[in-house]
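Dear colleague,

I am passing on the structure we spoke about, so that you can look at it alongside my notes. Please open it first and then read on.

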Amino acid sequence: MQFPAVSVRALLPALIVLGTAGLVLVLDLLPPRARKGHLPVLSLAGIVLALLSTTWLWGEETRAFHGMIVLDGYALFLQLVICYAAGLVVLLSIDYLHERGLESGEYYALVLFATVGMLLMAAAGDLIVVFLSLELMSLSLYVLAGYFRARLASGEAAMKYFLLGAFASAFFLYGIALVYGATGTTNLDRIGASTGRDSLLTIGFALLLVGFGFKISSVPFHMWAPDVYVGAPTSVTVLVATGSKTAAFAALIRVLVSAFRGGQLDSTALLWVLAVATMTVGNVVAIAQSNLKRMLAYSSVAHVGYMLVGLTAGGALGAGAVLFYLLVYTFTTAGAFGVVLLLERAAGEGVSLADYAGLARGHGVLALVLSLFLLSLIGIPPLGGFVGKFYLFGAAVRSGYVGLAVIGVLNSAVASYYYLRLIVYMYMREPEAAPPPSATSFAGGLALAVALAGVIVLGVMPAPFIDLAQAAVTPLLR
Amino acid sequence: MSTTVWLIPACPLLGALVNMVFGGALGRRAHWVGVLAVAAAFVSADAVFARVLDGQVYAGELFPWIVAGSFKTAVSVQVDSLTAVMLLVVTGVGFLIHVYSVGYMDGDPGYARFFAYLNLFVFSMTMLVLAGNFLVLYVFWEAVGLCSYLLIGFWYERPAAAAAGKKAFIVNRVGDFGFGLGVMWLWTALGTLDYSAVFNSVDRLAPATATGIALLLFMGACGKSAQLPLHVWLPDAMEGPTPVSALIHAATMVTAGVYMVARSHALFERSGVALEVVAWIGGLTAIFAATTAVIQTDIKRVLAYSTVSQLGYMFAAVGVGAYAAAVFHLVTHAFFKSLLFLGAGSVIHALGGEQDLRRMGGLAPRMVPTAVTMTVGAAGLAGVPGLAGFFSKDAILAATYAGGHPGLWSVLVLGAFLTSFYAFRLLFLAFFCMPRMAKETAHHVHESPAVMTVPLGALATLTALAGFAVGIPSGAGTPFERFLASVFPLHEGEGGGFTAYALLLLSVIVVAAGFLLAWLMYMTRAVAPNAIGRPKTRLHTLLLNAYYVDRIYDALIVRPLYAFSVFLARGVDLGLLDGVVNGLGRAVVGSAQRLRRLQTGYVVNYALTMLLGVVVLIGFLLAR
């Protein structure tokens, strides 16, 4: 038996984060046991190092472990996005956990393990690796969702997430089995090279799509999302909403483009339906929400719908637009949830719409920052959300899906209702109760500053990032 | 030269910005910023003028502005002799009026705001004149309109002022609509908007196309320069502070139309018909407004109608191809009309806000500098020989006659008679008749401070000397015409001989007749205050109401449009569209509430939904 050559370079970002996670676990056991302030700093350092390693590896094209791991421009772009997401989560967690007396090493270690899973998903070249990394990520997130043990909602969220996630994983695994049965391989490229269309492969693909649909919370597999987003600690919600979605999209796009490149089956009609359903359900239900975390949960469902528009359009334009949108979406969503997190009171209160009435009086800066994130979510220039949507819908129009683009734009109009309503509450309503205590969190403020800078830079000078995203997907399409 | 040229608009722009941002802190010192900014612009304009006198020209580009497909345009400027003359007038008269405003606006709560707007206007107007292509011209054409709107409505708490500002803006929109269309048509026809490129290639235009473009551009000029039928805004614009009336609504902005037509004369000449239209609109406006001015009792409205009338003269001159004469009249008119406005402002200041000629009189002994300078101004407007207005008006009349437009010429001669009459009527009623104001007011009459009378003196000197300096024909045309010869080619072999002298004599007779009539009516016997301006005949009533143009517009355009708007707003918008939109909104919210109920919170339900999704997904893919 011959062992495959070990390629450290291909795994470098994931290995850095993994090593940091181990280090955090070890340090957690060493004194000083009472103070944990150094652990998030170490975690952050690891993530930043991984981030730097992606830029250092830029331009790399490595296939390692018999094609199990593919580290190309595409993987690196998404790993960059994931590192940003994880970094923002760690920054937002520090004071959030400290105020609630729940600092611990395992929290950060779990965040880092989940990040490793996400990073590997972006570089997975084989369905087995996709599944393994998906599970690594998911199991960590299940635990994290229930991290507030004393809180009933947290436990409920973890339970639901776990049960439904296991359900979806079962479908996913069954899908892999069927695809293997039809083609004799789990390698994405070799599946793509196999010819012929049979119903076994089709069913397998459908089941894979179910697994991904669950992770990206596409309709009709989205129902866990609102409950989990609300029940889980808000910092974990940020990770679920940004990092895990980015990772799932990373794997989904690679599977769609490498393994199912239209020869065997035509999935665009299905994606069209999923995109429309996801946008519409997300936006329409978000209107009826009075809990901000719930509203943002449905909003993030709707944004998945927009990204599915880009996937439907396909090609370098469509996939590139999705990549760019993932970058914008990560900054915007992390920022919006971040403000909510900073204003959340100890027992998880203070996240309803009424609590935000007159917020601009007491927290002028936070209200302004949140307004900017909301405007970016609506898609108002010159913020990143506008450019992202412009390229998504532009790609749809280029590929001839004018109707889809129209539905997307109409959805954006509906969405502006609930985003603007929040701005109206913050600026034009009288405060109903005493304003929430002033949130002073240096790390949280830093996270918001980074996210805001990202949203503005991506909105004002998007061209280089668009080019990067296009360049990242182009090799996949060959 | 480039730096000096850019300094001309840059200084007032900087002044405007400083007064806008720091106006509150500057308070009473705001005028230092405003006046110095315009003074610097004036000095730069002088330097530019000196170089143009040496025969230099300049064309420069600030930055490429709009690049969209084949449409490329830059923020570009050009300086030739016409530009240099206009720059001198704008910054020079502008400077004097800024100085005058220091006294006139003293104590106004919006002091800094006033100077900020005034500086902004000078910036926009100099850029309008400097523009090197039609798009930049159009942008600053709109910018001066905006400044005019802001300054007419400067005392916005007065409903009349706010309404007058709106009226000016809306009437100008009508004209500018045509102007914008003309610019677009020009681009589609020639593919360029640069002056030199356009004027060099007008021969490529079909005469009909040239006519269409020229008339559309002239529509904009009609709005900006208050020509029939878009003149209605200018008399109302007198609600603005008097320095504004002098600067914007007499000396500079309202002449932008004349400048534009003169600048584009190659285009208008290509058409022929357009020139004829320009000439006749100008002539008709001249006589129309002059007859109206004869009857008015508000001192500023007399001057406003007079401005409309004099602008008509300028358009008539442009229409018969006497461009240099038109520009010369533009310059002299800027001097004597701003002088008259500032003098009127001094009178209004002295009488505590009184503008009605019926309650003035006998001011001459109490306000000697104002009376003397006003006399020079009125004589200049009337065209008394020796003063600037005489030379410029005579040049227009001579050109009209020589150009073979006897009908137009006779209209303009009649207008000259009326001009002389109303100019002296105003002078006599205000300064030389018996005092007719209330005792209390009469007691408080005082001469204005030096900061106001010195600009009056300067403008009076210009009015007295400008004609002698550059307006006397010698050899080929006047010195003024020779200076502009690079822009407007000199006409050969005109003037001189018996006809010229006969015309000159006729001009003098007409002026004298107007003076005599005014003297007989207002000086030989005491005039009862209520006898002035009281309608005696139908004609009188018609003139007093300015031919009812405002009411006709109201009945024909404003009211039907308003009724239609009300129908659209109440019936269509509120009833139909709002109903549909609100209905849709309610439907979305309603379905949101219903969809929300699907989210039961039970894991079993969620899992069932997922299972359903799986079945649908597989079915969908297999069915294809």
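In chain A, among the contacts with a separation of 6 or more, 80% are made by residues 24 or more positions apart. Please bear in mind throughout that this is a predicted model. The secondary structure of chain A amounts to 19 helices and 2 strands, and 64% of its 478 residues count as buried.

If neighbours within four places in sequence are set aside, A:Val111 is in contact with A:Ser43, A:Ala86, A:Val89, A:Val90, A:Leu144 and A:Leu239.

One helix of chain A deserves a separate paragraph. Helix H13 of chain A covers residues 315-343, and at 1.5 Å a residue its 29 residues should span 42 Å, which agrees with the 42 Å between its end C-alpha atoms. Because 27 of the 29 residues of H13(A) are buried, this helix is largely enclosed by the rest of the structure.

In the loop between H13 and helix H14 (359-362) of chain A one finds A:Arg345, which is partly exposed, with 13 other C-beta atoms within 10 Å. Although A:Arg345 and A:Tyr96 are 249 residues apart along the chain, their C-alpha atoms are separated by 9.8 Å.

From A:Gly445 to A:Leu366 the distance is 9.3 Å, C-alpha to C-alpha, while the two are 79 residues apart in sequence.

Finally, there is the contact between the chains, to which chain A gives 29 residues and chain B gives 23 residues. On the side of chain B that touches chain A, the elements that give two or more residues are helix H24 (549-596) and helix H25 (603-623) of chain B, and H25(B) supplies the largest share, 13 residues.

With best wishes

Notes: Residues numbered from 1 in each chain as written. Chains lettered and ligands numbered in written order. Predicted model: local features only at pLDDT ≥ 70, side-chain atom pairs only at ≥ 80, totals over all residues. Contact = placed C-beta atoms within 7 Å. Helix = DSSP H or I, 4+ residues; strand = E, 2+ residues; numbered from the N terminus. Buried ≥ 20, exposed ≤ 12 C-beta atoms within 10 Å, placed from the backbone. Expected span 1.5 Å × (residues − 1).
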